[in-house]
Amino acid sequence: MKMRLVLAAIALLPALAHAQTPAKPAHLVTELSSDHVDISTRYTGDEITLFGAMSEPAQVVVKVTSPTQAVSIKQKGRVGPFWLSVAKYDIADTPGLYFLLSSAPIDKILPATAQRRYGLGLQDALSGMHVSPTPADAATFRHALLDLKARHHEYVVNGQAVKILGQRLYSTTIKLPAQLPLGTYRVDIYLVRNGQVIATDHRQINVAEVRIEHWISSIADKRSWLFGISFTLAVMALGLFLGVVMGRGGKKA
């Protein structure tokens, strides 16, 4: 696998060399092993390899952002001798997945101003967040949400995830969890040197349900009563069929 990635990245070098002339700025080219993910009933997660080449030695940062996803979380509290749910918060306008992968810890290669400018930080992932009702302690709430997202592998920051080979080739693996929001994921690649972003590249990953699963989930979501009746009739028909078949088998014995 590693050899195939190296060969694929080397294949990108002609395009890079074409773009690299003395008058041209720094440049990088990137490819994905796959630009789509098919969600079916058998989906348990996926891995997509990102690889590419750069015109000059530098550090690489890869940011993966999914579409926004509305979620609800419950706050537990002590009620007498029991721990019970004491509050519920509806959260909107935050990405379902946010991966920040780099070849070195981002705090060591980019100043805070540049991180905020390019949205390279977990706090930036929550910059558009809306919470209802408003929590009493917003800072503690944001910290708890980030911790929850990290434990579910939905928000990931890894300063060693991007590997650089021979100072010109780079690669990383985007590990997608079993639960994914659907839609178009944005993949932003930054070339960093001397505390500055000197080049960028962009790719997309399309995450979609396969047709039959999409049809079933759409029916279950929009016409739950029809889905319930159809499911019950299907189970009854299957039970009747098995009863007839097993009944015949029992008579022959």
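Predicted model: local features only at pLDDT ≥ 70, side-chain atom pairs only at ≥ 80, totals over all residues.
## An aromatic pair

When the whole structure is searched, 3 aromatic pairs are found. One of them is formed by Tyr89 and Phe141, whose ring centres lie 5.1 Å apart and whose planes meet at 65°, so the pair is edge-to-face. The step from the angle to the name rests on a cut-off, because planes over 60 degrees apart count as edge-to-face.

This pair links distant parts of the chain, since Tyr89 belongs to strand β6 (residues 82-92) while Phe141 belongs to helix α5 (residues 138-151), and the two are 52 residues apart. A pair of aromatic rings is described by the distance of the centres and the angle of the planes, and for Tyr89 and Phe141 these are the 5.1 Å and the 65° given above.

## The open sheet

An open sheet is built from 6 strands, which follow one another in the order β2-β13-β12-β4-β7-β9 with mixed pairing. Strands β2 (36-39) and β9 (155-158) stand at the edges, and each has a single partner strand, so one side of each is left without a neighbour in the sheet. From one strand to the next, the twist averages 15°.

## Strand β12 and its two partners

Within this sheet, strand β12 (residues 183-193) pairs with strand β4 (residues 59-65) in the antiparallel sense over 7 bridges, and Lys63 stands opposite Asp188 in β12. Strand β12 is mostly covered, as 8 of its 11 residues are buried.

The other partner to consider is strand β13 (residues 196-209), which pairs with β12 over 11 bridges, again in the antiparallel sense. Arg193 has Gln196 in β13 as its bridge partner. The strands β12 and β13 form a hairpin with 2 residues between them, and in the turn Asn194 has a positive phi of about 55°.

## A nonpolar patch on the surface

Trp225, Leu226, Ile229, Leu233 and Met236 together make a nonpolar surface patch of about 540 Å². One of these residues, Leu233, is found in helix α7 (residues 224-252). Is Leu233 buried or exposed? Leu233 has a relative accessible area of 51%, and because exposed means over 50%, this value places Leu233 among exposed residues.

Terms used:
Residues numbered from 1 in each chain as written. Heavy atoms only, no water. Patch = residues over 30% accessible without salt bridge, like charges linked within 9 Å, V, L, I, M, F, W, Y side chains within 5 Å. Areas by Shrake-Rupley, 256 points an atom, 1.4 Å probe, with all protein chains shown as cover. Salt bridge = Lys/Arg side-chain N within 4 Å of Asp/Glu carboxyl O. Helix = DSSP H or I, 4+ residues; strand = E, 2+ residues; numbered from the N terminus. Buried < 20%, exposed > 50% of the residue type's maximum accessible area, 1.4 Å probe, protein only. Pairing = 2+ DSSP bridges. Axes fitted to C-alpha atoms, helices over the stretch in contact; angles between N-to-C directions. Phe/Tyr/Trp six-rings, centres within 6.5 Å; stacked < 30°, edge-to-face > 60°.
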